[in-house]
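Subject: Structure for your files

Hello,

Here is the structure I said I would send. My notes on it follow below.

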Amino acid sequence: MDSERFSIVRGPIDPRCFENIAGAGEGALVTFLGIVRNTAHDGRAVVGLSYEAYETMACTEFKAIDAQARERFGDVRLWIAHAVGDLAVGEVAVAVAATAEHRAAAFEACRFAIDQLKERAPIWKKERYADGNAQWRANKTDE
Amino acid sequence: MQIRLLAFASLREILRSSERSLSLPQGARVGDAQRLLEEQFPGLAPHRSSMRIARNGRLVDSDATLCDGDEIALFPPVGGG
């Protein structure tokens, strides 16, 4: 993940993807993994999610989020990877990491990045339910 | 002129393809492309107010002017993460 900080990944993301990020002298690394839940907001049983993305624009948005994070929080660096394709419950759909000299900026930048991604990255998910149905789901503000 | 049209998620399903070529007169705007598509795919009309449109990777309004070779993407509200 270090060679390409912003990526769209086919299939679930390896939860160990952050192993090689630290080491540039920063004192703080905050990571977030978004995992496929087994229930929808309306309580229906979910067996998996199918994601698709407008990949070039999504990576452009990730870079813009990184630039905005530096404007807000100073010398922070972000890593963002999002999965596309079919994911099962428990698999990792999105991974965000933020490094900074101190923890406060790293926590804030990581939270900012996932919030912004959910609000504006051109990525969509279809919930697949235990009863065999499926439905596209847009984000609410606090999922 | 020809534009490349991309559609995602529920709008891709309505258009029954993720990518197609669209012929439009010179000077056409994004809204003209929308109207042409709604004539061919009436199921798009209910999505008009929630649909987002990107021209060459940047969000635009329906009055944005199109150029030959542009890539237009139609998509519903996002759901990443």
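Chain A contains two helices and seven strands, and in sequence order they run β-β-β-α-β-β-α-β-β. Please keep in mind that this is a predicted model. The radius of gyration of chain A is 15 Å, close to the 15 Å that the globule rule gives for 143 residues, so chain A is as compact as a globular protein of that length. The C-alpha trace of chain A spans about 50 × 25 × 25 Å along its principal axes. Buried residues account for 38% of the 143 in chain A. Of the contacts in chain A between residues at least 6 apart in sequence, 72% join residues at least 24 apart.

Next, the helix α1(A). The 19 residues of α1(A) should span 27 Å at 1.5 Å a residue, and the end C-alpha atoms are 27 Å apart, which agrees. The buried residues of α1(A) are Met57(A), Ala58(A), Cys59(A), Glu61(A), Phe62(A), Ile65(A), Asp66(A) and Ala69(A). The elements that cover them include β1 (6-10), β3 (46-53), β4 (77-88), α2 and β6 of chain A, together with β3 of chain B. Just after α1(A) comes Gly74(A), with a positive phi of about 90°.

Chain B has two helices and five strands, in the order β-α-β-α-β-β-β. For 81 residues a compact globule would have a radius of gyration near 12 Å, and chain B agrees with this at 12 Å. Along its principal axes, the C-alpha trace of chain B spans about 35 × 25 × 20 Å. In chain B, 28% of the 81 residues are buried. Among the contacts in chain B with a separation of 6 or more, 56% are between residues 24 or more positions apart.

In chain B, strand β1 (residues 2-7) pairs with β2(B) in the antiparallel sense, over five bridges. Within β2(B), Ser23(B) stands opposite Gln2(B). None of the five residues of β2(B) is buried, so this strand lies largely in the open.

Two residues of chain B deserve a look at the backbone. Arg16(B) sits in the loop between α1 (9-15) and β2 (19-23) of chain B. Its phi is near 60°, a positive value in a residue other than glycine. Arg16(B) counts as exposed because 10 other C-beta atoms lie within 10 Å, and the cut-off for exposed is 12 or fewer. Asn56(B) is in the loop between β3 (52-55) and β4 (58-60) of chain B. Asn56(B) is not a glycine either, yet has a positive phi of about 50°. With 14 C-beta neighbours inside 10 Å, Asn56(B) is partly exposed.

Last, the contact between the chains. How many residues does the contact take from chain A and from chain B? Chain A gives 22 residues and chain B gives 14 residues. On the chain A side, α1 (55-73), β5 (92-100), α2 (103-120), β6 (123-129) and β7 (134-137) each supply at least two residues. The largest share, four residues, comes from α2(A). The residues on the side of chain A that touches chain B divide into twelve nonpolar, five polar and five charged.

Regards

Key: Residues are numbered from 1 along each chain as its sequence is written. Chains are lettered from A and ligands numbered from 1 in the order in which they are written. This is a predicted model: local features need pLDDT of at least 70, side-chain atom pairs count only at pLDDT 80 or more; totals for chains, interfaces and linings use all residues. Two residues are in contact if their C-beta atoms, placed from the backbone, lie within 7 Å. Ala, Val, Leu, Ile, Met, Phe, Trp, Tyr, Cys and Pro count as nonpolar, Asp, Glu, Lys and Arg as charged, and the others, Gly among them, as polar. A residue is buried if 20 or more other C-beta atoms lie within 10 Å of its own, exposed if 12 or fewer, and partly exposed in between; C-beta atoms are placed from the backbone. Two strands pair if DSSP finds at least two bridges between them. The radius of gyration is taken over C-alpha atoms; the globule rule is 2.2 Å times the number of residues to the power 0.38. The expected span of a helix is 1.5 Å times one less than its number of residues.
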